[in-house]
Amino acid sequence: MSTSLPSCENIPPRRGFWARHRTKLHAVGYLLALAVAKPLWPYVLAGLPLVMIGIIIRTWALGYLTKDAALCQSGPYQYTRNPLYLGSLFILAGTCVAANNFYLSVVALLAAIWVYVFTVRSEENVLSGLFGEDYVQYCRRVPRLLPRCRAARPACPAEFSWDMARNSNASELAGWVLLLFLLLAAKGVVGPHLHWWPYQAPVDLTYGIWYAGFGSF
């Protein structure tokens, strides 16, 4: 009795290293941000709206995501092919602003460019192998990352599903990010006042945007 093996032509390319481990890299980045942050209330309050926009975009996208089962073209996928990454970049930007560390922001920007270039390339290879010409046509209608103003009409419209968003751990990510912000806010209070949380750096790493009176926080 012989067992036939699936044709290699029907197996999509395997996702690359950065695509498989980007979640762990995010966690490392957020811990680093907390460690080197020198938060002040103006920066925490300025960064929070960016983070909330990122969480909303990601939750919206996850409500349509059927991972590798169907080509997502509805909701935010009508404006950008990678709404999850766009949301993550908003979260990253908000975290860097709240952390108030210029060098952290530079490193985060370079790391985001590096990781997402390789991640998006890997994802596109996988989706091309799965959906073929349908994906090629979709790429022609919708930009890779920066959203377009006019929505591209999906070939097969779908509806947003809270169940799909929950199953994709949308609330879990939101909870962890908001916890990070609470810790940044706590560090902004505890660091300069009680001095038991490492707060002062030998070199000024902040953005240098100081307002009268905020130096006392």
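Which residues line the largest cavity? I started there and found Ile-55, Arg-58, Thr-59, Leu-62, Ala-170, Leu-173 and Ala-174.

**Ground rules.** I noted that this is a predicted model, where local features need pLDDT of at least 70, side-chain atom pairs count only at pLDDT 80 or more, and totals for chains, interfaces and linings use all residues. Residues are numbered from 1 along each chain as its sequence is written, and side-chain values use heavy atoms, with hydrogens and water left out.

**Cavity.** I counted one cavity of 30 Å³ or more in the structure. The largest cavity holds about 40 Å³ of space. For the search, a cavity is a set of points on a 1 Å grid over the protein atoms alone where a 1.4 Å probe fits but cannot get out, and lining residues have an atom within 4 Å of a point. Grid points are joined across faces, edges and corners, and the volume is the space filled by probe spheres set on the points. Two elements give two or more residues to this lining, α2 (41-62) and α7 (170-194). The most comes from α2, with four residues. I sorted the lining into five nonpolar, one polar and one charged (Ala, Val, Leu, Ile, Met, Phe, Trp, Tyr, Cys and Pro count as nonpolar, Asp, Glu, Lys and Arg as charged, and the others, Gly among them, as polar).

**Whole chain.** I looked up the elements next: seven helices and zero strands. These are DSSP runs numbered from the N terminus, H or I of at least four residues for helices and E of at least two for strands. Of the 217 residues, 39% count as buried, meaning under 20% relative accessible area with a 1.4 Å probe and protein chains only. Among contacts between residues at least 6 apart in sequence, 81% join residues at least 24 apart; contact means heavy atoms within 4.5 Å.

**Ile-57.** I went back to α2 for Ile-57. Is Ile-57 buried or exposed? Ile-57 counts as buried, because its relative accessibility is 15%. Leaving aside neighbours within four places in sequence, Ile-57 touches Pro-83, Leu-86, Gly-87 and Phe-90. I checked Pro-83 too: 26 residues separate it from Ile-57 along the chain, yet their C-alpha atoms are 6.7 Å apart.

**α3 and α4.** The axes of α3 (residues 83-99) and α4 (residues 102-131) come within 11 Å and cross at roughly 170°. Axes are lines fitted to C-alpha atoms, for helices over the stretch in contact, and angles run from 0 to 180 degrees between N-to-C directions. So I wrote the pair down as roughly antiparallel, the word for angles over 145 degrees. From α3, the residues in contact include Tyr-85, Leu-89 and Cys-96, and from α4 they include Ala-108, Tyr-116 and Glu-123. By class, this contact has 10 nonpolar, three polar and one charged residues.

Asn-100 lies in the loop between α3 and α4. I stopped at its phi, which is positive at about 55° although Asn-100 is not a glycine. Most residues other than glycine have a negative phi. Asn-100 is also buried, at a relative accessible area of 1%.

**α4 and α5.** I found α4 and α5 (residues 133-141) packing at an angle of about 130°, with axes 6 Å apart. The two are therefore oblique to each other. Glu-124, Leu-127, Ser-128 and Phe-131 in α4 meet Glu-133, Asp-134 and Tyr-135 in α5. I sorted this contact into three nonpolar, one polar and three charged residues.

Conventions: Angles under 35 degrees count as roughly parallel, over 145 as roughly antiparallel, 65 to 115 as roughly perpendicular and the rest as oblique. On a 1 Å grid over the protein atoms alone, a cavity is a set of points where a 1.4 Å probe fits but cannot get out, and a pocket is an open set with protein on both sides within 12 Å along at least five of seven lines; lining residues have an atom within 4 Å of a point. Buried means under 20% relative accessible area, exposed over 50%, partly exposed in between (1.4 Å probe, protein chains only).
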